[in-house]
Amino acid sequence: MADFIHVYSEIGKLKTVLLHRPEKELENLSPDILNRMLIDDIPYLKIAQEEHDYFADTLKKRGIHVVYLEDLLAASLINKEVRIKFLDRLLEESGIKNNDPLHQLLMDYLLDLPVKQMVSQIIAGVKKAEIKNVRPSLADLAEDPSYPFYLDPMPNVYFMRDQQAAIGNGMTINRMTFRARRRESLFMESVLQNHPDFKDKQIPVWRDRYTHGRLEGGDELVLNKHVLAIGISQRTSAAAITDLAHSLFGHSSYDTILAIKIPHNHAMMHLDTVFTMINYDQFTVHPFILDKAGEIEIYVLQLGKNGNITITPRHNLVKTLKEYLNLSEIDLIPTGGGDSIAASREQWNDGSNTLAIAPGEVVTYDRNYVSNDLLRKHGILVHEIRSSELSRGRGGPRCMSCPLVREDL
Ligand SMILES: NC(=O)NCCC[C@H](N)C(=O)O
């Protein structure tokens, strides 16, 4: 297996994973912008970093190769021409047009920094006070003179799952829903195009960030070599899923997508906040997404005649998983053990958001002790990580990690 990207399941032994260690971007948060930044509170950076290092060490101790996106990105931007092109797009997507004199000032400021520092600065954001000799624009004068940033911080980069996702030997480089996160997928795009280890490997991009329709990695679950589950959610549209089906079917090993409709809200923004796969036949599920009969809207997409996509509605989660994964039994483990308060509390703190590092072996947040105990009772090996600050961003261990290579099952 020499693929640089190789992910044919949710549970195969994790070999290489992409992370981002949170940095100054968290210190550039203030109450006024929290809502727009999709973050519910301001994590204390020092502790958030310690917790993140603990997460990375938990993975490293189990032989998993941890790669940091900031390092890959910096290595992809060594060439100055490439760096200029990248910055040009980044500034444009930050709302600073090419014909605005500020564009050149910011370009010069960022180009002057050593590349790694430049990457950190882009993620942290650029404050108005950092750039000298700017002639204020009409917007600066008339609209929001007290707004502190030219480039907004990107506090969600540590949720590495969402900007891109590996499917088989390729990736989706995602068009993200909200402006606050849209620039983040420029990073992996640059890595695939310019990093010496990736650029000549012809890694398929199943869907790029310029294709209309929103898609985020938290909704993309690789159930096996043929079947994906994708959330129709606040962050991923039905149109994008259909589009992805056209791109994958017939061009990859994938022939089936279970499109699962979940509520559109901030607590359950992605499918992986309410449903994850943790063993061949075991899954975590937030009980609130199922109705009393255990039902939920599911649409099965498959390749039909003449390249058309067929759509088969299904309602029963267990039956559908059994049918399409060819299993005789399914163990659905409810977040919070089925108690309604524990379920909502622990789901809010990402109790359903487990990262499988091998079949039946997961990493979870320590604060979700009800769910963790239940996982153990169901025979799962649970590695708990610290979670006071990281959880304030509203994502858990699966959200914070993007597997690049998993062993085949
Ligand atoms: N896969 C995930 O559920 N990721 C968590 C993303 C949290 C972040 N604050 C967001 O709202 O995008």
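# Notebook: the annotated cysteine and its surroundings

I began with the record: the UniProt annotation "active site", from an unreviewed entry, covers Cys399. I kept in mind that the model is a predicted one, and that such annotations may be inferred rather than shown by experiment.

**Cys399.** I looked up where this residue sits and found Cys399 in the loop between strand 18 (381–385) and strand 19 (402–406). Is Cys399 buried or exposed? Its relative accessibility is 2%, and because the cut-off for buried is under 20%, Cys399 counts as buried. I then listed what Cys399 touches, not counting residues up to four places away in sequence, and noted Tyr158, Phe159, Met160 and Arg161, together with Asp272, Asp350 and Asn353.

**Whole chain.** I next stepped back to the protein chain, in which I counted 12 helices and 19 strands. The C-alpha trace spans about 70 × 50 × 40 Å along its principal axes. For 409 residues a compact globule would have a radius of gyration near 22 Å, and the 21 Å that I find for the protein chain agrees with this. Buried residues make up 57% of the 409 residues. When I took the contacts between residues at least 6 apart in sequence, 70% of them turned out to join residues at least 24 apart.

**Nonpolar cores.** Which members of the largest nonpolar core touch the most other members? Of its 64 residues, these are Leu18, Leu87, Ile122, Met171, Phe187 and Met188. I followed up Leu87 and, leaving aside its neighbours within four places in sequence, found Leu87 in contact with Met107, Leu110, Leu111, Met118 and Ile122. A second, separate core has 33 residues, and I noted Phe283, Leu290, Ala356 and Val382 among them.

**Aromatic pairs.** Phe86 counts as buried at 6% relative accessibility, and Phe187 counts as buried at 0%. Phe275 and Phe283, by contrast, form a stacked pair, with 5.3 Å from centre to centre and 5° between the planes.

**Charges over rings.** I also looked for charged side chains over ring faces. Lys225 lies over the face of Tyr8, at 4.7 Å from the ring centre, while Arg394 lies over the face of Trp348, at 3.8 Å from the ring centre.

**Backbone.** Lastly I looked up positive phi values in residues other than glycine, and noted Asn133, whose phi is near 60°, and Asn326, whose phi is also near 60°. Where does Asn133 lie? I placed Asn133 in the loop between strand 3 (126–127) and helix 6 (138–142), and its relative accessible area of 73% makes Asn133 exposed. Asn326 lies in the loop between helix 10 (317–325) and strand 15 (331–334), and Asn326 is exposed as well, with a relative accessible area of 71%.

Terms used: Residues numbered from 1 in each chain as written. Predicted model: local features only at pLDDT ≥ 70, side-chain atom pairs only at ≥ 80, totals over all residues. Heavy atoms only, no water. Core = buried A, V, L, I, M, F, W, Y, C linked by side-chain atoms within 4.5 Å. Buried < 20%, exposed > 50% of the residue type's maximum accessible area, 1.4 Å probe, protein only. Contact = heavy atoms within 4.5 Å. Helix = DSSP H or I, 4+ residues; strand = E, 2+ residues; numbered from the N terminus. Phe/Tyr/Trp six-rings, centres within 6.5 Å; stacked < 30°, edge-to-face > 60°. Lys NZ or Arg CZ within 6 Å of the ring centre and 35° of its normal. Rg over C-alpha atoms; globule rule 2.2 N^0.38 Å.
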